[in-house]
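Here is a friendly walk through one protein model, in questions and answers. Have the sequence and the 3D view open as you read.

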Amino acid sequence: ADPSVKGIYKQYADIVIKKGLSEEIKTVVTGAAATGEADAAMYTSFAAMYQKLGQYEKAVGLYQKASEMDAHNARLLFELAHCHEKLGHTDDAILCYTQALALRPAAVDDYKTLGNLYLKKNKKADAVAAFKKYLDAGKSDIGVAKEVAEWAFSQKNDAEAARYFATITGEEAKKADFLLHYGQTCFTTGNFKKAFDLLNRASVLLPKNPEVFKLLYSIAVQDSAEKNAAVGYLAKYLELTPSDAPLQRTLGDMLYERKDADGALRAYRKAVSLNPSAKGIYKRYYELASKKGMAQDVETALNGAVATEEADAVMYAQLGSFFEKKGQYDKAMAYFLKAQQMDPNNTPLASAIGRCQIKTGKIEDAIVSFQQVVALNPNVSEEYKILGGLHRRTKPDVAVEEYKKYLAKKPGDVDIAIFVAENAFKN
């Protein structure tokens, strides 16, 4: 037989196709190509035969020839894409699906296939773009919706994430990650009621996840009906994340308002240990520690208040008392003087300053301090006695006058009375 004979190959091809004579395909194709009788339809038919037999390499070659002859035939490109997919030629399959879908965008199911191929190449953004076309055409697929929602979530596109998360149902919608991520998305988009429900369910599955409880606290604290629950959520969050100094302070304030002194004290203690320069803590911390008689906490609170410039006259006076008891009179006096600047008419402060001045040998200054006391409050008694003692050696007459004022308040002091009487006898 002469293979160059023209006019026989189309009939020959029809017989091969009808009889399923795959072993004859090569002969027909070669002859038809040589005689110019091969067309897209012939290549397509033989490619389909090879495809059906699972001989995808041979099918690819013939589909490519058919597509070269009929470049706008979407069906050819889809079949070629299927064969590349079967062969594991992912890049070629992606190219063919992309070209085919450009010609026939209504072939919606193939967007899902294209998306999965992109996932194999770890091209998540391209996969999501294909999946969105699939879903937005009205298709429903939980796995695909999850891919799109999670991608939008990772890109902080919260509105889009919420839209696709909302389409997920069934067992997938009961999983911890879904509940957490959908809950976070609802929170950021302002759907707090939905977020609260989702995150409460997530907290059961994720009892060690601090973010869940932080978000639950953030929602509850804004809702008057959930105020009590807010404290519990915040406490749980801080149990898992104790290093959050600002929220330790917040917990302390909430517990303080609830009259939970022990809890507030623990929270304030932790807050200042994490951030000693934090402001707005030390006054309440000092108040609670003082009531509890916790000397170490009191000292910490006072020092912190001074460092953050939040100390008031009472705090400075308390620090002065600490150092006076320790015999550190210069340091004590500095704090007493600071307190006096804030409360200049406080007679106990002036007395304390005078005592420290005596201890440090500043007698003249001490005299001035005690004179200030008796000027502010003439009804005092001990200060007159101290003034008498300060003048006793150098100015006995002045001392006598001060002692007389003292005896008018405390007439039973025998030693002072004798000194005054002896001085009067001498004069």
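Q: Which backbone oxygen does the side chain of lysine 227 reach?
A: This is a predicted model, and lysine 227 sits in helix α14. Setting aside neighbours within four places in sequence, lysine 227 is in contact with Ala220 and Val221. Its side chain comes to 2.8 Å from a backbone oxygen, and that oxygen belongs to valine 221.

Q: Is lysine 227 buried, partly exposed or exposed?
A: Buried means under 20% relative accessible area and exposed means over 50%, with partly exposed in between. Lysine 227 has a relative accessibility of 40%, so this residue counts as partly exposed.

Q: What distance separates the C-alpha atoms of lysine 227 and methionine 254?
A: Along the chain, lysine 227 and methionine 254 are 27 residues apart.

Q: Which elements do the buried residues of α13 pack against?
A: Helix α13 covers residues 210–220, and its buried residues include Val212, Phe213, Leu216 and Tyr217. Ala220 of α13 is buried too, and Ala220 is also a contact of lysine 227. The packing partners of the buried residues of α13 are α11 (176–188), α12 (192–205), α14 and α15.

Q: Which residue caps the N-terminal end of α13?
A: Look for a side-chain oxygen 2.9 Å from the backbone nitrogen of glutamate 211. The residue that supplies this oxygen is asparagine 209.

Q: Which residues touch the most other members of the largest nonpolar core?
A: The largest nonpolar core has 111 residues. Leucine 234 is one of those with the most contacts to other members; beyond four places in sequence, leucine 234 touches Tyr217, Leu247, Thr250, Leu251 and Met254. A second, separate core has 18 residues, among them Ile367, Phe370, Val373 and Phe419. In the largest core, the residues asked for are Tyr217, Leu234 and Tyr285.

Q: Which elements give two or more residues to the lining of the largest pocket?
A: The largest pocket holds about 200 Å³ of space. Its lining includes Val231, Glu239, Gln248, Asp260, Arg266 and Lys270. The elements that give two or more residues are α14 (227–240), α15 (245–257) and α16 (261–274).

Q: Which side chain does arginine 258 join through a polar contact?
A: Arginine 258 lies in the loop between α15 and α16. Apart from residues up to four places away in sequence, arginine 258 touches Asn228 and Val231. The polar contact is 3.2 Å, and the partner side chain is that of asparagine 228.

Q: Is lysine 259 buried or exposed?
A: Lysine 259 is found in the loop between α15 and α16, and its phi is positive, near 65°. Most residues other than glycine have a negative phi. With a relative accessible area of 74%, which is over the 50% cut-off, lysine 259 is exposed.

Q: What is the phi of glutamate 309 near?
A: Glutamate 309 has its place in the loop between α18 (295–307) and α19. At 69% relative accessibility, glutamate 309 counts as exposed. Its phi is positive in a residue other than glycine, with a value near 60°.

Q: How far does α21 reach from its first C-alpha to its last?
A: Helix α21 spans residues 347–359, which is 13 residues. At 1.5 Å a residue, the expected reach is 18 Å. The reach in the model is close to that, at 19 Å.

Q: Which residue caps the N-terminal end of α21?
A: Among the buried residues of α21 are Leu349, Ile353 and Cys356, and what covers the buried residues includes α19 (313–325) and α20 (329–342). Just after α21, glycine 361 takes a positive phi of about 80°. At the N-terminal end, a side-chain oxygen lies 3.1 Å from the backbone nitrogen of leucine 349, and the capping residue is asparagine 346.

Q: How far apart in space are valine 108 and methionine 315, C-alpha to C-alpha?
A: Valine 108 is in the loop between α6 (90–103) and α7 (109–120), and at 16% relative accessibility it counts as buried. Valine 108 touches Lys133, Tyr134, Ala137 and Lys139, leaving out residues up to four places away in sequence. Valine 108 and methionine 315 are 207 residues apart in sequence, and their distance in space is 74 Å.

Terms used. Residues are numbered from 1 along each chain as its sequence is written. This is a predicted model: local features need pLDDT of at least 70, side-chain atom pairs count only at pLDDT 80 or more; totals for chains, interfaces and linings use all residues. Side-chain values use heavy atoms; hydrogens and water are left out. Helices (H or I, at least four residues) and strands (E, at least two) are DSSP runs, numbered from the N terminus. The expected span of a helix is 1.5 Å times one less than its number of residues. Buried means under 20% relative accessible area, exposed over 50%, partly exposed in between (1.4 Å probe, protein chains only). Contact means heavy atoms within 4.5 Å. A polar contact is a pair of N or O atoms within 3.5 Å; within protein, one must be able to donate a hydrogen and the other to accept it, and residues adjacent in sequence count only if both atoms are side-chain atoms. A nonpolar core is a set of buried Ala, Val, Leu, Ile, Met, Phe, Trp, Tyr and Cys residues joined through side-chain atoms within 4.5 Å. On a 1 Å grid over the protein atoms alone, a cavity is a set of points where a 1.4 Å probe fits but cannot get out, and a pocket is an open set with protein on both sides within 12 Å along at least five of seven lines; lining residues have an atom within 4 Å of a point. Grid points are joined across faces, edges and corners, and a volume is the space filled by probe spheres set on the points.
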